[in-house]
Amino acid sequence: MIRRETVEKRLGELRSRMEEKGIEVALFWDPDNEFYLSGFRAISYSRPIVYIVYKDKTQYILPELEKDHAKQSRAADEWLIYHEIASHAGKELDYWQLLQRVLKSLPKSSVLGVEIDIIPASVYGRLVSEGFCVRDIGQEVMEMRAIKDEEEIHWLRHAGRLSDLAMEASFANVRPGMSELEFDSYGDQRLLQVASEYYPNMIIGYEDWTCSGVQRSAMPHLHSSTRKFEKNDVVVHSRQVWINNYRAENERTFLIGTPTETQKTCLALAIKAQQTAMEMVKPGVRAKDVDLAAFRIFEEAGYGRYVQHRTGHGLGLTEHEEPYLRFDNNLVLKEGMCYTIEPGIYVPGVGGFRHSDTVIVTKDGYESLTNYPRSLEKMMHQR
């Protein structure tokens, strides 16, 4: 849940931005944007949910099975409900019928704001064909979301601490012969135990994956498998935890047994690149400069050609969100921005090497929200 005063503050800023762009009514489809602006989020599956913001009120279009959940959250002033069972055959049976009712109540000269990258193409086409002027409001919301307030940072800190506890539990049990899934499970169990004991009546979730071995670790994104750890493996473990919908990311690369000198060199470079990037973080620094600082560490050591991705991405309600730490992003970092620092290299025949931590830009630097040990010595498991 989000405090109502926080929701009202965000709606006030949104309406100011709408006025600046000449937008009279804004329509939202993205679940994270809807939660950010209303405090309500559902498991919608195939049933569209639309949040509508006017100058003086808000509406939700949603399926009947989400009605009680939404009203309990006090997320809107008005509710437009559609149905899908035979006893309601005379009522609206899909969200488009309700949206048409909304549109018919508006002058054709109305300027509508939509998330231009998210709105269904079919809906966008209908809005235009019916004569409405359509402008993007999605970027404005992302700019708002990029600067986290104290309430958001509170939950992000807790997500980071929970991820550290889960990471610690998995690492305490690592050994050759266990599967990637079994390794994950120790952290999962610890996370769920702590969450249940210390966070009553909260929604807490997680996502994790592990890639082990020279070949699998060198592919940045793979789901955990039943592959068993072998002596002298390179292993990349990734874990995200979210609480009240705000998430932190925590990743570590570790070495089992006796790694080669090349593997130790690669991991040491990844650790150095991450630390260098973190030390760049402060208000006024460009996103591109953080990325380039990490890249130069690899490039100067002769490993630049093994870099496959940017140094980091924004984090909050969405797994990946703005700001992005890329070599071509001139965005200036501001206090309250949250993102991952995760430079990595992926060397064929050697393995993949990447740590990731979640940081908040502070007044004069950064705060790391994930703090599981990062050093090369702590990443060596001799079992």
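Mentor: Happy to! Keep in mind that this is a predicted model. Let's begin with the sheet: it is open, its six strands run in the order E4-E3-E2-E1-E5-E6, and the pairing is mixed.

Trainee: Which strands are the edge strands?

Mentor: Look for strands that pair on one side only: here they are strand E4 (78-82) and strand E6 (133-136). Across this sheet, neighbouring strands are turned by 20 degrees against each other on average, ignoring direction.

Trainee: And how do I think about pairing in general?

Mentor: Strands of a sheet pair through backbone hydrogen bonds, in either a parallel or an antiparallel way. In this model, strand E3 (residues 58-63) pairs with E4 in the parallel sense, over five bridges. As one example, Tyr-60 has Trp-79 in E4 as its bridge partner.

Trainee: Which strands does helix H1 touch?

Mentor: Helix H1 (residues 4-20) packs on the sheet and touches strand E1 (25-28), strand E2 (50-53) and E3. The direction of H1 makes about 70 degrees with that of E2. H5 packs on the sheet too, touching E1, strand E5 (111-114) and E6, and its direction makes about 135 degrees with that of E6.

Trainee: Now the surface. Which residues make the nonpolar patch?

Mentor: Ile-116, Tyr-124 and Val-128 make a nonpolar surface patch of about 230 Å². Val-128 lies in helix H5 (residues 121-129).

Trainee: Why is Val-128 called partly exposed?

Mentor: Because its relative accessible area is 41%, and partly exposed covers values between the buried limit of 20% and the exposed limit of 50%.

Key: Residues numbered from 1 in each chain as written. Predicted model: local features only at pLDDT ≥ 70, side-chain atom pairs only at ≥ 80, totals over all residues. Heavy atoms only, no water. Patch = residues over 30% accessible without salt bridge, like charges linked within 9 Å, V, L, I, M, F, W, Y side chains within 5 Å. Areas by Shrake-Rupley, 256 points an atom, 1.4 Å probe, with all protein chains shown as cover. Salt bridge = Lys/Arg side-chain N within 4 Å of Asp/Glu carboxyl O. Helix = DSSP H or I, 4+ residues; strand = E, 2+ residues; numbered from the N terminus. Buried < 20%, exposed > 50% of the residue type's maximum accessible area, 1.4 Å probe, protein only. Pairing = 2+ DSSP bridges. Axes fitted to C-alpha atoms, helices over the stretch in contact; angles between N-to-C directions. Contact = heavy atoms within 4.5 Å.
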